[in-house]
Amino acid sequence: MRVNGLQSRSIDVMRFAMILLVVVLHAYTSTRSDFSAGDFPVYRLVSFVCSLEIAQTAVPALFFISGFLFFLHPKPYKTKLRKTSKRLIVPYLLWNALILALYFGVEQIPALSKYFSGVNPPVSEYSFVNFLQAFWDSGEWRGGNGTPILHQFWYIRNLILLALLSPAIRLFVRGFGWWGAAALWGVWLATPGQAFLIESLAFFTAGACFSLRHTDFLSMFSRFATTTLLLYIALMTVHMIFRDNGLVPLDRVVFTLGIIVGTNLSVRFVTARERRETPHSIRARNYPGLRGMGFFLFALHDPMLTLLKRIAMKLSGTPSDFSLTVIYILIPLVVIAIAVGLYRLLNRHTPSLLKTLTGR
């Protein structure tokens with residue numbers, strides 16, 4: 001299946017939009033252990049709806065898009081692995097090393113080191129094994145839910161594993177097709193907790209199905225946007241009621257529908273906008289640049305978000321509903337602005353370094 005210009009641009013914009021949602025997700029989770037959200041009803045409602053409902057669709061959607069693109073063009077396994085090395089493994093190692101160096105530097109500055117949670121040992125006390133673990137799961141695999149020192153890079157780590165397993169995934173899709181993908185989704189739905197491993201495999205395989213079966217998911221999802229949106233709103237409301245009462249039986253269902261709805265809305269918005277563009281304006285806009293900028297934002301945002309949020313909460317004094325809600329909304333915008341500005345600065349002065357950091 002060939003991807004035309006409209007589809008390619010739509011996928012680029014969707015991927016960037018999903019990364020923005022990852023920032024929204026971490027706008028809550030980065031400091032959730034610092035205070036109880038239940039004590040602040042407005043902050044709790046806003047952050048739970050945005051971060052724990054809507055933004056939870058982002059990473060599964062990224063796995064889906066990655067699976068679709070990985071199998072789109074038939075190439076030898078060795079060629080795929082070489083590209084995986086440049087696009088994923090090198091940036092993965094570099095960014096985790098940079099974060100280790102950054103944490104070590106911040107630990108030497110008393111005015112900043114006080115903003116660490118104190119849960120993890122300082123980098124200055126790491127053993128050789130600790131350093132190795134920092135590049136994989138920070139020393140605690142937890143059934144596949146462990147993360148490297150740069151927490152959000154569990155997505156990159158799992159993507160590397162999926163690339164290595166791609167021949168088996170191709171055979172699985174060829175043999176079982178949509179039923180096989182549905183079975184993996186069923187296992188994911190039935191798995192308690194975060195279920196990083198099965199989530200990664202289920203959505204990557206679903207994307208592979210669309211690619212290997214030559215099915216345009218953009219057109220298919222666009223047909224059901226209104227229906228799935230209404231269903232998602234209903235299920236999200238029920239899910240929040242159940243969660244408030246300690247019951248979350250619909251959690252996985254909401255997750256699954258959220259992926260479809262989020263992609264639906266992105267497709268409808270992006271494709272409608274693209275059809276209004278002239279050929280000249282389309283050529284003038286650098287859509288491929290969103291890939292590098294999105295990766296850079298994805299890699300940089302979490303440590304900066306955590307530090308700036310803790311500084312802002314410290315400066316604002318005693319937490320209140322108003323101050324926490326303002327900080328929740330404002331700090332992610334500041335982080336995105338800093339990341340985009342830094343990306344453009346590096347792109348202008350050190351483009352080779354930037355290409356290495358963003359997987360070319």
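Reader: Leaving aside its neighbours within four places in sequence, which residues is Ser66 in contact with?

Author: Ser66 is in contact with Tyr155, Leu159 and Phe204, where contact means heavy atoms within 4.5 Å. Please keep in mind that this is a predicted model, in which local features need pLDDT of at least 70 and side-chain atom pairs count only at pLDDT 80 or more, while totals for chains, interfaces and linings use all residues. Residues are numbered from 1 along each chain as its sequence is written, and side-chain values use heavy atoms, with hydrogens and water left out.

Reader: What joins the side chains of Ser66 and Tyr155?

Author: The two side chains are joined by a polar contact of 2.9 Å. The term stands for a pair of N or O atoms within 3.5 Å; within protein, one must be able to donate a hydrogen and the other to accept it, and residues adjacent in sequence count only if both atoms are side-chain atoms.

Reader: Why is Ser66 called buried?

Author: Its relative accessible area is 14%, and buried means under 20%, exposed over 50% and partly exposed in between, with a 1.4 Å probe and protein chains only; Ser66 is therefore buried.

Reader: Where is Ser66 placed, and which residues of H7 does its helix meet?

Author: Ser66 lies in helix H3, residues 58-70, where helices (H or I, at least four residues) are DSSP runs numbered from the N terminus. From H3, Val59, Leu62, Phe63, Ser66 and Phe70 meet Trp154, Tyr155, Asn158, Leu159, Leu162 and Ala163 in H7.

Reader: What makes H3 and H7 roughly parallel?

Author: The axes of H3 and H7 (residues 154-164) come within 12 Å and cross at roughly 30°. Such axes are lines fitted to C-alpha atoms, for helices over the stretch in contact, and angles run from 0 to 180 degrees between N-to-C directions. Angles under 35 degrees count as roughly parallel, over 145 as roughly antiparallel, 65 to 115 as roughly perpendicular and the rest as oblique, so H3 and H7 are roughly parallel to each other.

Reader: How do you know that H4 is roughly parallel to H14?

Author: The axes of helix H4 (residues 77-107) and helix H14 (residues 289-315) come within 11 Å and cross at roughly 25°, and that makes H4 roughly parallel to H14.

Reader: Why is His214 called exposed?

Author: His214 has a relative accessible area of 55%, and therefore it is exposed. His214 is found in the loop between helix H9 (196-212) and helix H10 (217-223).

Notes: Helices (H or I, at least four residues) and strands (E, at least two) are DSSP runs, numbered from the N terminus.
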